[in-house]
Amino acid sequence: MHPLVRYAPVKTLKGTSMETNRRSFIMETNRRSFMMDTGMTAGVLALGPLAASLAATAPAQAAGKFDFDTPYNRLGTDSVKWDQPLRERHMGHIIAGMTTADMDFKCPPAITAALAKRIQHENWGYMDMNSPGPQAFKKGLIDWNQKRYGINNINPELLGITTGVHSGIIATMRSLCPPGSKVLMATPIYSGFYGDVRATKTVAEESLMKQVNGRYEIDWEDFERRMTPDVKVSILCNPQNPTGRAWTREELTKYGELCLKHKIVVLSDEIHCDFISKGQKYVPFATLANKDVVNNSVTYKSASKSFSLPGMKCAWFFTTNPTLYRQTVDNNRADLSTLGMIGMQAAYAGGQEWMTECAAYIDGNHEFTNQYIKANIPMLKVGAKPEGTYLAWVDISQVADKINAKKLADDMNKNPRINARTGMAVKATPEDMVNFWFATNAYVAMNSGTGYGLGGQNHMRMNLGTSRRTIKAALDSMAAACKKLQSA
Ligand SMILES: Cc1ncc(COP(=O)(O)O)c(C=O)c1O
């Protein structure tokens with residue numbers, strides 16, 4: 001089998017097959033030996049040896065109060081972004097984990113202090129949602145959204161706390177979407193929504209966006225054409241993962257009015273809202289002028305993406321519509337996580353300055369990455385600089401052609417791997433092959449565009465929520481790998 005095939009025995013432990021290898025790798029290695037296997041020890045840079053040398057030439061951070069520039073080693077913390085690719089993709093070493101949307105920064109000191117204080121009390125019994133802590137959390141998030149984003153209509157009576165944005169979205173969907181009904185989405189869109197569709201036994205109705213001057217836009221004609229009576233909700237991602245669009249007030253109004261006209265409820269996921277590039281604006285769906293449009297929506301948010309807290313599992317939703325609130329709460333079987341709530345309360349209470357600096361740093365990461373790729377990696381293409389999120393959406397079609405990714409995927413699909421959880425065959429795609437190629441040739445782990453629905457073809461998503469030094473090391477390595485490939 002070709003070495004690019006994902007599950008081929010590229011490197012095996014003790015000469016066993018890849019599957020056996022994977023299992024034994026998990027069972028036999030403890031955290032410390034795992035780090036040693038990868039050439040890391042706790043406290044050193046979370047970079048491979050190549051990256052460490054490249055990092056020395058990385059552009060410096062502008063002076064600020066908080067340090068986003070020193071790489072923070074997350075290896076050995078069971079991280080999806082760093083540890084998982086190293087384990088599953090058999091990369092040998094890793095320069096950058098750039099997959100799932102979390103950041104590599106230490107959370108703000110105010111959060112660590114609040115958590116440390118709570119840890120002094122060594123009991124973790126159930127928490128009362130109506131007690132002072134959760135109430136202060138609710139007040140804090142309302143204040144944050146009011147002051148920072150001008151959202152003046154969050155009614156604490158219509159505000160629910162949940163485990164994650166997904167659980168909130170799924171709760172609303174369970175009430176509004178009978179199995180087999182459709183969920184309209186402008187694509188490419190965040191892969192996790194397809195999991196929400198699966199969980200609710202609904203069907204994705206995808207409207208492919210257009211690219212205009214390197215920027216994604218909704219194809220309104222196509223979008224409305226798909227608004228058939230069996231579409232019950234539309235999931236909106238604002239700002240949009242993976243394309244980085246921060247929707248304008250006009251776009252959101254049009255989106256909302258069309259949905260209202262066709263009796264489709266808008267589920268607005270605004271989890272990435274704290275990351276907006278310079279010159280752009282986050283327009284909360286709830287601030288639209290048309291009150292009927294706003295009443296036809298539920299918004300889902302969390303401090304998780306913004307403050308390095310996603311593993312804390314705490315999120316929230318709100319609506320101005322009591323019926324939609326009830327319909328969401330009815331299926332929101334989520335419990336409150338004590339540490340999650342305390343972390344997020346501290347984030348909203350004391351994280352303003354940190355967040356402002358962090359968002360500016362991420363904006364610099366986008367600027368740097370966009371320009372770097374345009375100037376130095378001709379095999380990759382990027383459009384306009386993303387307007388929000390910390391994600392970059394990269395066209396990898398030339399790499400796919402050069403490694404013959406389609407044929408590799410076709411060959412692999414002749415003998416498909418079976419997903420142990422679902423029992424279903426996993427269909428490999430050319431994007432998966434490119435993903436694997438970057439992992440094993442540049443030691444950079446990214447997300448294959450395949451998961452992002454229609455429009456994900458020929459793309460990969462790259463997570464820039466990390467130090468610029470790590471990004472520079474990753475891009476240098478990708479540039480070197482592409483150069484070698486081009487001249488091969
Ligand atoms: C747009 C979007 N929504 C939701 C999530 C996940 O949210 P949660 O962990 O709160 O369920 C992500 C994570 O990547 C995301 O990008």
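**Close-up views of a predicted model**

**View 1. The residues around the ligand.** Ala-101, Gly-164, Val-165, His-166, Tyr-190, Cys-237, Asn-241, Asp-269, Ile-271, His-272, Lys-305 and Lys-313 surround the ligand; a residue is counted here if one of its heavy atoms lies within 4 Å of the molecule. This is a predicted model, in which local features need pLDDT of at least 70 and side-chain atom pairs count only at pLDDT 80 or more, while totals for chains, interfaces and linings use all residues. Residues are numbered from 1 along each chain as its sequence is written, and side-chain values use heavy atoms, with hydrogens and water left out. By class, the shell consists of five nonpolar, four polar and three charged residues; Ala, Val, Leu, Ile, Met, Phe, Trp, Tyr, Cys and Pro count as nonpolar, Asp, Glu, Lys and Arg as charged, and the others, Gly among them, as polar.

**View 2. Polar side chains at the ligand.** Asp-269 places a polar side-chain atom 2.5 Å from a nitrogen atom of the ligand. An N or O atom in the side chain of His-272 is 2.8 Å from a ligand oxygen atom, and a polar side-chain atom of Lys-305 lies 2.8 Å from an oxygen atom of the ligand. The protein buries 93% of the 400 Å² that the ligand exposes when taken alone (accessible areas by the Shrake-Rupley method with a 1.4 Å probe).

View 3. Seven strands form an open, mixed sheet in the order 2-10-9-8-7-3-4. Strands (E, at least two residues) and helices (H or I, at least four) are DSSP runs numbered from the N terminus, and two strands pair if DSSP finds at least two bridges between them. Strand 2 (159-162) and strand 4 (203-208) stand at the edges with a single partner strand each, so one side of each is left without a neighbour in the sheet.

**View 4. Strands 8 and 9.** Strand 8 (residues 265-269) pairs with strand 9 (residues 297-301) in the parallel sense over four bridges. Asp-269, which also approaches the ligand, has Tyr-300 in strand 9 as its bridge partner.

View 5. Five bridges join strand 11 to strand 16 (residues 459-463), and Leu-391 has Asn-463 of strand 16 as its bridge partner.

Key. Polar contact = N/O pair within 3.5 Å; in protein donor to acceptor, adjacent residues only side chain to side chain.
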